[in-house]
Structures are given as C-alpha cells and as structure tokens.
Amino acid sequence: MFVFRLDTHSGVPPYLQLVQQVRQAVLLGFLRPGDRLPLIREVVEDLAINPNTVAKAYRQMEQENLVTGRPGQGTFVDERQSAAIPASTYTSLRRGLAIWLRRAYAAGLDEQAVDALLASVHQQMKNEGVA
C-alpha cells in the first residue's frame, strides 16, 4: 500500500505534497495503473491532517487524470498512466546519483550547495537543448 509523508518544513502546501508524491510514484513506476491509493480517511488518520486537505489533493489528481475515483471502491491510478522509463533505468540512475551525492557531501557541500549545483547543471543542460 502506498504511504504518504508530509514535510512540515518544506513550505509546500500539504495537498500539493500529496499530489507530487503520487506524480513521482507513477513516474518512477512505484504506482501502476489500477493501484489503489489509501482512502481519504486512512490518510487523515496516518498524517493527522484535515480531510478537506486530502480531498483537495485527490480532486487535483483527478483533474490531472493521474487517478480515477470509483464510488464505493476508492481512488485508483488511472489506466492511462504508466512509467515513462523502465524501473531498472531509474534504479541505475539512482545508484549513480547516490554515489555522486556521497562525494559532494564528503567534499563539504551542504544541502543548499548541492541543490544549487544540480539546478545550475540542469539549467545548463536545458540551455544546450539536452533536457
């Protein structure tokens, strides 16, 4: 079963955190078409947040065609959703990124410096038409 998490220090509204987590889970293949999301009641109990917040997130995901609500059954990842890249590719890239992050932190970079470096390289790649 998919489990949501909230970062109270991120500055991102809770409903958007839920939407982003489902988006990422679908993209990475952790959630597949037909998988059921936790019931709103379950998310409320697990995260101790307002039911309206969870309902807002689920509505947003339905509007984006990420999920489909089935009355009396729950909310499911839409059948039109699928991971764009095989999970094995993500696994390999994740391993390489973890190695790079260990090197960056060992070199003395903090989280802000890592984020800034990643953002600058990403922007450079976009400018070069690679990303």
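This is a predicted model: local features need pLDDT of at least 70, side-chain atom pairs count only at pLDDT 80 or more; totals for chains, interfaces and linings use all residues.
Gly72 takes a positive phi near 80° in the hairpin of strand 1 and strand 2, a hairpin with three residues between the strands. Strand 1 covers residues 67-70 and strand 2 residues 74-77, and the two pair in the antiparallel sense over four bridges. Pairing here asks for at least two bridges found by DSSP, and the strands themselves are DSSP runs (E, at least two residues), just as helices are runs of H or I with at least four residues, all numbered from the N terminus.

Residues are numbered from 1 along each chain as its sequence is written, and side-chain values use heavy atoms, with hydrogens and water left out.

Stay in strand 2 for a moment, where Thr75 sits. Thr75 counts as buried because its relative accessible area is 11%; buried means under 20%, exposed over 50% and partly exposed in between, with a 1.4 Å probe and protein chains only. Leaving out residues up to four places away in sequence, Thr75 touches Val67, Thr68 and Gly69, and also Asp35, Arg36, Leu37 and Tyr58. Contact here means heavy atoms within 4.5 Å.

Now zoom out. The protein chain has five helices and two strands, running α-α-α-β-β-α-α from the N terminus on. Of its 131 residues, 25% count as buried. The chain is divided into domain 1 (14-77) and domain 2 (87-129), with bounds that come from an automatic or database domain assignment. Taken over C-alpha atoms, the centres of domain 1 and domain 2 are 28 Å apart. Along the principal axes, the C-alpha atoms of the chain fill a box of roughly 50 × 30 × 25 Å.

Over in helix 1 (residues 14-27) you'll find Gln17. At 8% relative accessibility, Gln17 is another residue that counts as buried. Its contacts, leaving aside neighbours within four places in sequence, are Arg5, Leu6, Asp7, Ser10 and Val12.

As for contacts across the whole chain, take those with a separation of 6 or more: residues 24 or more positions apart account for 50% of them.
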